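These are my notebook entries on a structure that I am reading through piece by piece. I wrote down what I looked up, in the order in which I looked.

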There are 2 protein chains.
Amino acid sequence: MALVSMPKSLNQIIIKPKLKHTGEPLEVKSTVSTTDGPKPAATIAEERSRTNFDIDEMHKFLEGSPEKAEQVLKLYKSLERDPILSTNFEHFDYTKEQERELVAQRIDRMSRYLETEPAAKFNRRLQIMTVVDPSMGVRIAVNLGLFLNCIRGNGTDAQYEYWSKYKESGIIKQMYGCFGMTELGHGSNVAGCETTATFDEETDTFVIDTPTISATKWWIGGAAHSATHTVCYARLIVKGKDYGVKTFVVPLRDANHNLNPGIAIGDIGAKMGRQGIDNGWIQFTDVVIPRFFMLQRWCIVARDGTVTLPPLEQLSYISLLEGRVNMATDSYRIGARYTTIALRYAVGRRQFKAKQSDALETKLLDYNLHQRRLLPYLALTYAAALGTYRLELQHESVLSEMEKGLKENNKQLINQAIVNTKSLFVDSGSMKSSLTWLAADLINEARQSCGGHGYSAYNGFGKTYNDWVVQCTWEGDNNVLAMSAGKTIIKNVQQVLKGKTIQTPTLDFLNDAKQLLAVKNVLKSEQDIEDVSKVRLAVQAVIIKFSASLLELLKANKNKWDLISPQRVQLSKLRCHYYLLETFEDRLKTISPCSELYAQLSNVLKLYYVSQILIPFTAEFIRLNVLSSDLIEYVNTTLATNLCLAIRPYVIGLTDSFKQPDNITFSLIGKYDGNIYENYLEKVKVLNPPRNFKAPYSAALEAMLNRKSLDERNRFEKSGEAAAALSK
Amino acid sequence: MALVSMPKSLNQIIIKPKLKHTGEPLEVKSTVSTTDGPKPAATIAEERSRTNFDIDEMHKFLEGSPEKAEQVLKLYKSLERDPILSTNFEHFDYTKEQERELVAQRIDRMSRYLETEPAAKFNRRLQIMTVVDPSMGVRIAVNLGLFLNCIRGNGTDAQYEYWSKYKESGIIKQMYGCFGMTELGHGSNVAGCETTATFDEETDTFVIDTPTISATKWWIGGAAHSATHTVCYARLIVKGKDYGVKTFVVPLRDANHNLNPGIAIGDIGAKMGRQGIDNGWIQFTDVVIPRFFMLQRWCIVARDGTVTLPPLEQLSYISLLEGRVNMATDSYRIGARYTTIALRYAVGRRQFKAKQSDALETKLLDYNLHQRRLLPYLALTYAAALGTYRLELQHESVLSEMEKGLKENNKQLINQAIVNTKSLFVDSGSMKSSLTWLAADLINEARQSCGGHGYSAYNGFGKTYNDWVVQCTWEGDNNVLAMSAGKTIIKNVQQVLKGKTIQTPTLDFLNDAKQLLAVKNVLKSEQDIEDVSKVRLAVQAVIIKFSASLLELLKANKNKWDLISPQRVQLSKLRCHYYLLETFEDRLKTISPCSELYAQLSNVLKLYYVSQILIPFTAEFIRLNVLSSDLIEYVNTTLATNLCLAIRPYVIGLTDSFKQPDNITFSLIGKYDGNIYENYLEKVKVLNPPRNFKAPYSAALEAMLNRKSLDERNRFEKSGEAAAALSK
C-alpha cells in the first residue's frame, strides 16, 4: 500500500494503516479525575488502526480523480489557515446580526481569491466553504451564479461582457447583483409574476412597476443590504400587449449604496436558518431604465417597439441548472460531514452493558439498530460522491457543447446540446430533489443518533439542518422538480413503447422498455440480490413498469397528470437512484477486484442499494413483480444486517477517507482525535464561562422565589378577619 | 345545527356555517394597488362557508368531553389576554438571552396562576402554553414534574410534604428544583451513572461527588440559572459497597441564589432549539448533605449504615410516565397548530393555471399531491386527539389506583396497579416515540408545503421544529422506548402462545394470538378496506404475526434481541397505531351515524388508517399475508386519492374545529382571516423597518465594492514596468 502523502497541516487526517497499534494510546490528561471514566479517544484510535485499505486511494476514488482530490486537500489547508474563512466555535453563539457581519467579511475575503485564482479552483473553494458557511456560499452564488448566469443566459455576449467584466460584478467589485425572480404571491410559477416592465416608446425606456402587494419581490438574497443591481423578472408590456415574463437589469442602489428613488427595499427578517443571508423584499414604483437594460439574447424590443421572439427561448432556462447541480454535490459533502461526526461518536460513545459482568459498556455502533440507522447513510454518501461528480462533468460538457454550437452557429451541435440539456433537466431535477431530501434525513438521523449531544449547537447539527432544509424549497421546489422529472420519464417510456429511440446517454436505459415490460421477478433468489447488475436491471425494470402502469392510469383518467403526481415523485426518486447505482457500478469496475478497496466498496455498494432502494421501495418492487415477495424478510433482516456487520469494523477508515479536517466537520463531539468529553466540556466552558453563574435576569427569578405569601400580597383582604369586618 | 357559543374574545374562531356566502366578502384595503392581486382572504372565507357540520360539536369530540372543551376555550381566552403570556411576533427575533428572560417572566406569571387555580386547570394551562412556549413549559415541568415527581415517587410522604409544601416548591416559591439524572457520558442508561453518594457514618451524612468528566451532570434543565436544588442520581456507596443508583436532594444555591461551596455549575450554552431553557452542567466536589436528604421510600440507609432495599423499587419509575404521556398530547396540539396553518395557506395560495384561459391560478390544495402531503397529517392529528386523551385518562386511573392501593395497603390493588403500570409503560412508550416522530415529520412537511414562506421565522415552523425535535430524544430516547415496547409485545405474544392470558385492557388484544396466527388476507377486497373493524383486525393480525415471526428469528439466533431491534421499533409504531385506531373506532360509535359529523369523521378515520398504517407498512402487511398484494395499487392510488377528495372541501372547517386562536397558531400566513399577504408584509415591515436600508456592517461591504484595482493594491509591483526594472 502506498504511503499516505498529504499537506502537513492536515496531520490529524493522516493515518498509518499498517502501523500496528501498540498498547495504550496517548491520552490527553488535562483534568483531574478520581476514577477512570470512559476513554473514547483510545477507542477511536484502536478502531482507526483496523483500517485495512489506503484512505488516500479511497479519497481519490470518492473525489473522482487524483487531481481533484489534491485540489480539495489544498483548499482544506488554505481554508483552515485563513484568518477570516476558518471556523470558530463561537460562531454557533452568533446572533443574526453577527452572522451577517461575519458573512460580509468572508465575502470580501473570498473576492480576493476570486480575483487571483482560476475559476475552477475558486468554484471548488466556494463549494467547500459552503459546507461550513452555506449563507456565505449563497450570498456569493446569488451574484456569480444566479445574477450573472441569468445575464449570460438571457443577455447578449456584449451585455454579459459589460456587466460582468466592464462593471466587474464577475469579481464582486463595483456592483453586487441579486436575482429578482420570486414574488410574495408567486414562487415556482415564474410565468405568473405580476411585476411589469412597460415600454415607453417616447423616451426609449422601460418602466418597472410593482402593481400590488403580491407582486412584491420576496426572499431576494442580497437585496436587504448588499445588492446594487437586480435582474428583475417582469412582464414585458409593449403597446398594451403582454409578452410574458422577461428579464431586466435594474439598478437598486447608487455608488454610495443609497437606495435609488422608486426603489423600496426591506429586510424579510428572521428565518429558520441561513440567517447570514440578507434576504429582502423589493417594490418598484415606476422605476425608469434604459431599453438596453433588458436582456436581449432571445427577445428583442426594437426602438419602435417591435418585439422579436426567437425560437430558442427555452435555452434561457439553462442557467438554472448550475444551482441544482451544485445542490446535489452539496448533499455529498454535507453527508460526508455528518456521517463522519455521527460515526465517530457512535464508536466513542458507550451505553448499556451487554452483560452485568462486562467491564465496559457497549459501543453505540455495536448495536444492530445503530448500524441500521447510520450505515445506510454512509453508503448513500459514497454513492452520492460518485454520482454527483458525474453530474458535474455532465453539466460542464453540456455547457461547452452549447457554447461551441452557438459560437460556430452549428445547428446540429445546438440541437444535440438541446437534447442533452433536456436530459440534464431530468437528471439534475431528480438528483437535486432526491439528494437534498435524503441529506436532510441524514442530518436528522445523525443528530438523533448522538442523543442529547446532537442537540447542542456546538456539535453543528442544528445550524446545519436549519441552513440545509431550504435547499428542498428554493431553485425549484423539490416536489415540483420531481413531478417534472417523473413526467418526462413517463413520456419517454411512452415514446419508446411507440417505437422511438432515446438518444441521450443518461435516459437511454429506457430504450429497453418493450423487453422489460414483460420480465417478472428479476430478483428471485438471494444470489440475485448480491449481483449489482441484476439489481440495476431490477431498478430499470421497476422504473419502466411503473411508468407503463401510470400510462394506463392516465388513459383511464382522461390524461389527468395531476392524479399521478405522488407517483411521479416516486419515479423521480427511483431515477436518481438508478443514476447513482449505474455510476457506482461503472466506477467500481475501474478498481482491481483483488484489492481491499474493492472489497470495501463492494460492500458499501450493496448496502447502498439494499437500504436505499430495495427496502424503501419494496411495495413498488413487489407490486410490479420485480422482486419476489418471499425475499422481503431476507432483504430487510438478514441481508441488511450482514452488510452492516461487514462494514462495521471499518467505519473510522471509511469516514476518514472523506478527509474532512476538524475545521470542516466543525463539531466538538466529532473531532478526529475522538476525545469527545474533554473537547466538549472544555469548549463549553470557554464559550459560557461558569463564573457567570447568575443570569442577567436573575433578579426577576429571585424576586419570584422570595415573594411574600399570597395572603400578604393580597393585603390580607381575603382573610377571615377581613371577612368578619366586611360582613358586619 | 346548534348555534355556536364561544367566548367573544375569540371571535375570529366563530363561524356561521349556515349563513349563505353572499357575493364578495369584505376585504381589508390598507395599501394602494394598481391591479387586482390574489385574494386569499376571500378564498378562505368562501371555503369556510362550505362547512356543513357543527364545529362546536367537532371541537368537543376532539377534546373528549364538553367540560374539557370549555376549559380549553377559557384558557385560550385567558392566555390571549394575559400581558406576559400572550404571544408577540417580535419573539421570533429574540436572541437566546432575550428568550430566557421572557421565559423567566412567564414562569413568574404562571406561578401566580399555580397558587390560585385547581391543579387540573393549571396543568391544562401549562399544556396549552407549551404549544407556543415549549421552553417555558419545560422549565416549569422540570420543577413540578421531574423534580417533584421524583420526590413523590422515591421519597416518603413526609419527604414529599416537606419539599413540596413546607418548602413551597410545589408553587415555585422559595426553591426551584431541577432533575440531576443525565451525565455527560451517560444518557439512557441511568444505571451507568458515575456520580457517587458515599455514606459517612461518622457525621451521618452523604458525600456527593463527581469523580470524572464523564460523570458531569449534563443537559440539566434549570441548572444554569434557576435551580436552588436538584434531585441527584448517584451511586449509593455504603461501607465500600455500591448499591446502585439512588436519588438525593442536593441544595445548589443558597437563599441569595449564590452557588454553594463544592458546587460547580455552568451553562451548556447554545442549542438547536429550546434556547429559553437554562440547561446547565453540574459538578459536585465532596458536597455534604444530611442523610435524610436521600429519598427513602424504597431504599433506606439506617443510622448505622444498614441498607434496606424493599421489593417494590420498580415502582419508583412510575414518575417517568407523566412526561411521556404529556409529550404524546403535545403531539396532538402541535399537529393541530401546524395543520391549521398549512391548510389555510394551501387554500389561500394559488400556483400555476390549470388552463391558460383560466382567470385564476389553482389553489395549492386542489393539487392531488398537496392533498396527499397534508391531509394524512390532518387525519393523524384527529386520531391523536382521541388517542392521547384516552392515554391521559389511563394514566390518571393507574396513578389513583396505585395511590389507593398504597394508602390502604391493599396488596391486590397494588398488584393490579403494577400490572396496569407495565401496560402503561408500553402504551406511553410507543405513543410518545411514535407520535413525537410523526409530529416532527408533520411540522417538516407542513413547512415544506408552504414553500419559501414556511422558512420565514414569522410563520413559526422553524422555531417550533427546533424546539420540538428534542422530544424524540429526552425522557426516554424514542428508539430505546420503542425497542422496549416492541420487546414487551413480543414477550406477551410468546406468553399467549404458551397459553397464558393477558389481563390488562390495553394489551389484551394480543390474547387472540393463536387464532390470528393462522389467518390469511384479512384484507382481500376493496370493501374490506372500507370496514374499520376489518382493518383493526388486520393491524392486530400484523402485530401478532410479526411478533411470532420475530420469535422464530430469535430462536434461530440464540435469543439475540439486539438482532431484531429495527423490527421492535416497527412493532412499537404499529402498536401506537392500533391504540389510535381502536380509540377512533370506539369514539366514532358514540356519534349518530346519520349526522354530518359522523360522515366527516368516518372519512377522516379511513384516511388515517389508509395513509398512516396501510401505506407506510405495506411491506409488512404483504409479507405477513394480511393484505392481498393485488390491493397495493388500489390503496395507494385510487382509495387514498378518493379519501383526500372527500375531505378536501371541508378542510377549513376541520381545522377551525381545533379552535386554536391566532394567539396560539402564531403564524403570519396562518391567521384565521386568511389575509395572507397583507398580514405578512405589514408585520415584516414593523419588525424590520425598511428605513434601515443600510446594514450596520455596510461600510465593510461598500469598501469591498469600491476597492481599488488589484494592480493598485499591489503597488503596481507586478506590472510590466516593475518587471522591466527588476530584471535589469
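The entries below go from the contact between the chains to strands, sheets, helices and charged pairs.

**Entry 1: ground rules**

I note that this is a predicted model, in which local features need pLDDT of at least 70 and side-chain atom pairs count only at pLDDT 80 or more, while totals for chains, interfaces and linings use all residues. Residues are numbered from 1 along each chain as its sequence is written, chains are lettered from A and ligands numbered from 1 in the order in which they are written, and side-chain values use heavy atoms, with hydrogens and water left out.

**Entry 2: chain B against chain A**

I looked up the contact between the chains, where contact means heavy atoms within 4.5 Å, and found 141 residues of chain B touching 141 residues of chain A. The buried area, which is the accessible area (1.4 Å probe) that two parts lose on being put together, summed over both, comes to about 11300 Å² between chain B and chain A, and carbon and sulfur atoms give 58% of it.

In chain B, β2 (residues 196-200) and β3 (residues 205-209) pair in the antiparallel sense over 5 bridges. They form a hairpin with 4 residues between them, and D204(B) in the turn has a positive phi of about 55°.

Which residue of β3(B) stands opposite A197(B)? I found I208(B) there, and in β5(B) L236(B) also stands opposite A197(B). The pairing of β2(B) with β5(B) (residues 229-238) is parallel, over 3 bridges.

From β5(B) I went on to β6(B) (residues 241-251), with which β5(B) pairs in the antiparallel sense over 9 bridges. I237(B) stands opposite D242(B) in this pairing, and in the hairpin, which has 2 residues between the strands, K239(B) takes a positive phi near 50°.

**Entry 3: a three-stranded sheet in each chain**

In chain B, 3 strands form an open antiparallel sheet in the order β4-β8-β7, with β4 (217-220) and β7 (263-267) as the edge strands, each pairing on one side only. The twist averages 20° from one strand to the next, where axes are lines fitted to C-alpha atoms, for helices over the stretch in contact, and angles run from 0 to 180 degrees between N-to-C directions. I noted that 2 bridges join β4(B) to β8(B) (residues 280-284), and that I220(B) has G280(B) as its bridge partner. Helix α22 (residues 676-687) of chain A lies across β4, β7 and β8 of chain B, at about 110° to β8(B).

**Entry 4: two helices of chain A**

At what angle do α17(A) and α19(A) pack? I wrote down about 145° for α17(A) (residues 596-614) and α19(A) (residues 632-647), with their axes 9 Å apart. The residues that meet include L607(A) and V610(A) in α17(A), and L639(A) and L643(A) in α19(A).

**Entry 5: a salt bridge within chain B**

Over all chains the structure holds 89 salt bridges, and I looked up E63(B) with R333(B), whose closest N and O atoms are 2.9 Å apart. E63(B) lies in helix α2 (residues 55-63) and R333(B) in helix α8 (residues 321-348) of chain B, so the pair ties together parts that are 270 residues apart in sequence.

Technical notes. Pairing = 2+ DSSP bridges. Salt bridge = Lys/Arg side-chain N within 4 Å of Asp/Glu carboxyl O.
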